[in-house]
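Good morning, and thank you for coming.

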Amino acid sequence: MEKAINSSQPKASHGVENNLSDEVEELLLTLPREKNFDGTYLYQFNGVWYRHKFLYGMISTRRHFPARDSDIIVSTFPKSGTTWLKALTYAIVHRSRCAFEHSPLLTTNPHELVPFFEISYYLNKNDIPSFEHLYTPRIFGTHIPYSTLPDSIVNSNCRIVYICRNPLDQFISHWYFLLKQAHDKESETLSLEESFEKVCNGVLEAGPFWEHVLGYWKASLDNSHKILFLKYEDLKEDTHSYVKKLAEFLGCPFSNVEEKERVIEEIVKLCSFENMKDLEVNKPSRNIPGIKAKNSDFFRKGEVGDWTNHLTPSMSERLKILMEEKFSGSGLAFKLS
Ligand SMILES: Nc1ncnc2c1ncn2[C@@H]1O[C@H](COP(=O)(O)OS(=O)(=O)O)[C@@H](OP(=O)(O)O)[C@H]1O
């Protein structure tokens, strides 16, 4: 049976919620838990696997996040192009604020410019965040599944851009990311094989993968004005076309032919993997607030098909079969070599 999440009317003003930490601690004791790839725990709440802070943030956000019609939500399955889509969205939407050579993206990691709202709520346990520092339209990130988004997002006119990635590359990317973090913390990690088994059983952050992706896929078919559904592979193949599409979807299209070509080129270059991974801001070892990962950890290879270097034929076959079963009849598919 579904556990109820109290999502009473969002508060527009600041407020303090002293009891939520205790409530979540108590809740955690009742939830199924499983080891994540890095040896920490994931908790299953209403069928979805969360890390502690994302669970706290999800509940708090559902209660308190007052979405505005102008808000833009970059929603993603983890390790599917979040950092890239945050950068592109920011660069497109705020392009008239300053010249590209002075863009905040050159000096600030996209995760700081476009905060995960659930992490902001987790970090501001005693004072609900006001997000006053964000430009309008405000841009937020989230890993929350469509069915669990705050009502204020679903019921307002704010727009959602969603990105996912083929589950084989997503798994490899996620495994290396968590392995790196676990290595830095020296916690006990699961092997690639053990982690793969978890993924096949749906146990991974924000998973099961299939439900998350299908939730946004179906919602985008029902409401194409509100939700733009993207795949990492398509974005990689033709970034220019998708920058144009994103700008149109977000209500800030490029006005004339000249601007279109020049500005799109600038945005693609600014947000490219090669550029972003070399920026000083993405090299230092400084952790991003609330995320506990180094800036550089978000830029590993940035390729499509790296799974072929890591998965055995039987592993990839198993995931491909699962993908066909799960997506059957939905009209959704990922091209795999
Ligand atoms: N600009 C740009 N272009 C193309 N690819 C990029 C870019 N930035 C990050 N990446 C690659 O995306 C992977 C990380 O995924 P996320 O950004 O979704 O991670 S997170 O969920 O925000 O933690 C991770 O993929 P892998 O390299 O396969 O591990 C990153 O390298």
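In this talk, a residue is buried when its relative accessible area is under 20%, exposed when that area is over 50%, and partly exposed in between, with a 1.4 Å probe and protein chains only. By that scale, tyrosine 176 is partly exposed, because its relative accessibility is 27%. Tryptophan 175, by contrast, is buried, with a relative accessible area of 10%.

A word on the source. This is a predicted model, in which local features need pLDDT of at least 70 and side-chain atom pairs count only at pLDDT 80 or more, while totals for chains, interfaces and linings use all residues. Residues are numbered from 1 along each chain as its sequence is written, and side-chain values use heavy atoms, leaving out hydrogens and water.

Let me turn to the sheets. In general, strands of a sheet pair through backbone hydrogen bonds, either parallel or antiparallel. Helices (H or I, at least four residues) and strands (E, at least two) are DSSP runs numbered from the N terminus, and two strands pair if DSSP finds at least two bridges between them.

Strand 2 (residues 41-45) is joined to strand 3 by 3 bridges, and glutamine 44 stands opposite tryptophan 49 in strand 3.

Arginine 33 lies over the face of tyrosine 41, at 3.7 Å from the ring centre. The criterion is that NZ of Lys or CZ of Arg is within 6 Å of the ring centre and within 35 degrees of the ring normal.

Strand 6 pairs with strand 4 over 5 bridges, and threonine 76 has isoleucine 163 as its bridge partner in strand 6. Strand 6 (residues 159-164) also pairs with strand 7 over 5 bridges, where tyrosine 162 stands opposite phenylalanine 229. How many of the residues of strand 6 are buried? The count is 5 of its 6.

Threonine 239 belongs to helix 11 (residues 239-249). Threonine 239 counts as buried because its relative accessibility is 12%. Its side chain reaches the backbone oxygen of leucine 235 at 2.7 Å. Leaving aside residues up to four places away in sequence, threonine 239 touches Trp84 and Val268, contact meaning heavy atoms within 4.5 Å.

Finally, the aromatic residues. Rings of Phe, Tyr and Trp (its six-membered ring) pair if their centres lie within 6.5 Å; planes under 30 degrees apart count as stacked, over 60 as edge-to-face and the rest as tilted. By this rule there are 24 aromatic pairs. Phenylalanine 65 and phenylalanine 131 are edge-to-face, because their ring centres are 6.4 Å apart and their planes lie at 80°. This pair links distant parts of the chain, 66 residues apart: phenylalanine 65 is in the loop between helix 2 (52-64) and strand 4, and phenylalanine 131 in the loop between helix 5 (117-123) and strand 5. Phenylalanine 65 is buried at 1% relative accessible area, and phenylalanine 131 is buried at 6%. Tryptophan 175 and tyrosine 176 also form an edge-to-face pair, 5.2 Å centre to centre with 75° between the planes.

Which residues form one aromatic cluster? They are Phe65, Phe117, Tyr121, Phe131 and Phe140.

Definitions and conventions
Polar contact = N/O pair within 3.5 Å; in protein donor to acceptor, adjacent residues only side chain to side chain.
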